[in-house]
Structures are given as C-alpha cells and as structure tokens.
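Q: Got a minute to go through helix packing and salt bridges with me? Let me put the model up.

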Amino acid sequence: MPPESSLFLKSMVLGSICCALITTLSHFRIGREHRRHYHEHHHLQVPNKEDTLKISENERMELSKNIRVYCIILVKPKDVRLCVAVKETWTKHCDKAEFFSSENIDMFDSVNMETNDMWIMMRKAYEYAFDKHKDQYNWFFLALPSTFTIVENLKYFLFKKDPSQPFYLGHIMKSRELEYVSAKGGIVLSLESMRRFNSLLGFPEKCPEQGGMIWKNSGDKQLAVCLKYAGVIAENAEDSEGKDLFNTKSVRLSIEDAITNNLQEVAKGCCSDMAITFNGMTANQMHVMMYGVYRLRAFGHVFNDILGFLPLNGSDND
C-alpha cells in the first residue's frame, strides 16, 4: 500500500474514534443534565433540636401559636366508617378540620362537592378552603380517610418553614418525569402555594379540570402538573437519618417490611421517630394509634420537649 494511502486510512480511523468518543461524552453529559432536571425536589428535614434551643422561650411560644394547620379530608360514601374514626381521633388536633364529600351524607357532617371525581373534589376543596380561610391558616393539609396523622409532629416539622414560600411537601413519588407528592401520605401546601394554585383555576390550559382527555391523571399527579405551572415544587419530608415522615403504608406493613429486610433492626428500620402520617389504616387501627400516640405512658421515660403545641381553647382533643 502506498504511504499516502496508509496515512489517509490511519487519519480516517483516528477521526472516527475521536468522533465516537465526543458523541459518547456528549450523551453522558446530556444524560447527567437530564437526571439533574428529573430530580428537582429538595430533601426537607425536621428542625435541629440545638437550633430551636437558641430561640427564646417567648419566641418559641409565639412561633408555635403561629403555626396554624387547616385539615382537609376527602370523603366518599364507602369511607363513612373510616371518616367517623378520623373525626373521633387525630383531626381533633388540627386547628380546624373539615370533611369534603362526593355527595350529601346524612349521617356525616361534610361539605358536599357534588362530584365523584377525586381530582375535581380536590380542586373544589382547595378553592373552598382558600376562599374562606386564607386569613386564618397558613398551612393546608389534605388527607385521605385511611390516613392517620400526628399533627404535633407535622407542626414541629413546619416550625422553621416559611408559609410565604411556594412549596408543598409530603412523600415524593415519580411518574416518568413528573415528581409529585402522594395523596396516600398526605399533602401539605403552604399559604403561598394555595394562593398560586387558586390563581390558576381560571386557566384550563394550565390547570385543566378534567385532568386529561384520553386518560386521567390521579388527583395528586394532576395537582403536581398545576403547581408546576405556578412555580411550586414538590419537596420530600424526612428526618435527619433520611427516613420518610409521610408514610404511604400502615404501621403494620412498615414493621413487616422492616422484619423482612433486617430482623435485627426492626425498631430502627421500620419508621422515623418523628413520623407524621401512616396510610392504609382501618377504623379500629385509628383508635389503636390514638391510644399508642396520645394516651399510653411509659413511666420513667420522660421526653423533655422544647416545643409544645397546645390545643386551642375549648378543644376536646387529647
């Protein structure tokens, strides 16, 4: 082979290798950028105990009074027994709790949304809550009837969070590129998030009432789509060890999972000590949880909590 041909062939091979390498690196970089975009949420953690100690007692009392949580529970007729248990247990600890039903339920006091569509119920409940209570409450918590909530832990988590900021939080799930807060674990919206969400309700191209033409998104996914247009990002709530605070399973299932994964670390591996919600609860389990969280005492084991979230005057909570 002539020297010129050999040199030309070598140049072609070297050029092909360089081109392939550049293309591969560029795909790798794009892939990394895509993953960064996909993981948009932050990991919000409970306040550090040492930080709260630096706040004066008067300031702590004032701040704890200013955390005002309005609880929204969505109801369908099949859930009435569960809702009675919810009303008799943890919702007494909300600053205000209201039930929003798909139809009029004679035996249960609720706001009739006149629709069986969960997304439309959610939209209407948020609109109702904001219109009537935006001046009295700064956090809006939505739960399903099968969810048990430790409201004091929720308030402690929110202690150093700013309700004038546009974010909402709970247990983050992913559906393709969409990150959303799962309704199973409960959804917390700041006052600013509620304001932005309600400002979109008149714009169906940004926040459609039907939630899809060919197939419908679930209510929590559709909420995420609307809030994204409003510049509100979903945030995952967790403790200092990275454990989720909003649990989409019941305590029983969480313990069973912990036993399966590591029998030696069941107590530590199950759930966070600062857990806020558990889902998939029966009516009986609601009352058992109420007993365990608020009534059962282990003598000699005393918690010296820095903060106390006292019930409102006239409240019949525990």
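Q: Which residues in α5 meet α8?
A: This is a predicted model. In it, Trp-119, Met-122 and Tyr-126 of α5 meet α8. On the α8 side the partners are Gly-219, Asp-220, Gln-222, Leu-223 and Cys-226.

Q: How many nonpolar, polar and charged residues does that contact have?
A: The contact of α5 with α8 has 5 nonpolar, 2 polar and 1 charged.

Q: At what angle do α5 and α8 pack?
A: About 55 degrees, with the axes 8 Å apart. The two helices are therefore oblique to each other. The crossing is right-handed.

Q: And α5 with α7, left-handed or right-handed?
A: The crossing of α5 and α7 is left-handed. Their axes cross at roughly 115 degrees and come within 10 Å.

Q: Which α7 residues make that contact?
A: Leu-191, Met-194, Arg-195, Phe-197 and Asn-198. The α5 residues include Trp-119, Arg-123 and Glu-127.

Q: Switching topic. How many salt bridges does the structure hold?
A: The structure holds 8.

Q: Which residue does Arg-195 form a salt bridge with?
A: Glu-192, with the closest N and O atoms 2.5 Å apart. They sit 3 residues apart in α7, so about one helical turn separates them.

Q: Is Glu-192 buried or exposed?
A: Glu-192 is buried, at 14% relative accessible area. Arg-195 is partly exposed, at 42%.

Q: What about Arg-252, which partner there?
A: Glu-256, at 2.9 Å between the closest N and O atoms. Arg-252 is partly exposed at 45%, and Glu-256 is partly exposed at 37%.

Q: Which residues do shared partners join into one network?
A: Arg-68, Asp-95 and Lys-155.

Note on methods. Residues numbered from 1 in each chain as written. Predicted model: local features only at pLDDT ≥ 70, side-chain atom pairs only at ≥ 80, totals over all residues. Heavy atoms only, no water. Axes fitted to C-alpha atoms, helices over the stretch in contact; angles between N-to-C directions. Helix = DSSP H or I, 4+ residues; strand = E, 2+ residues; numbered from the N terminus. Parallel < 35°, antiparallel > 145°, perpendicular 65-115°, else oblique. Left-handed = near helix turned anticlockwise from the far one by under 90°. Contact = heavy atoms within 4.5 Å. Nonpolar A, V, L, I, M, F, W, Y, C, P; charged D, E, K, R; others polar. Salt bridge = Lys/Arg side-chain N within 4 Å of Asp/Glu carboxyl O. Buried < 20%, exposed > 50% of the residue type's maximum accessible area, 1.4 Å probe, protein only.
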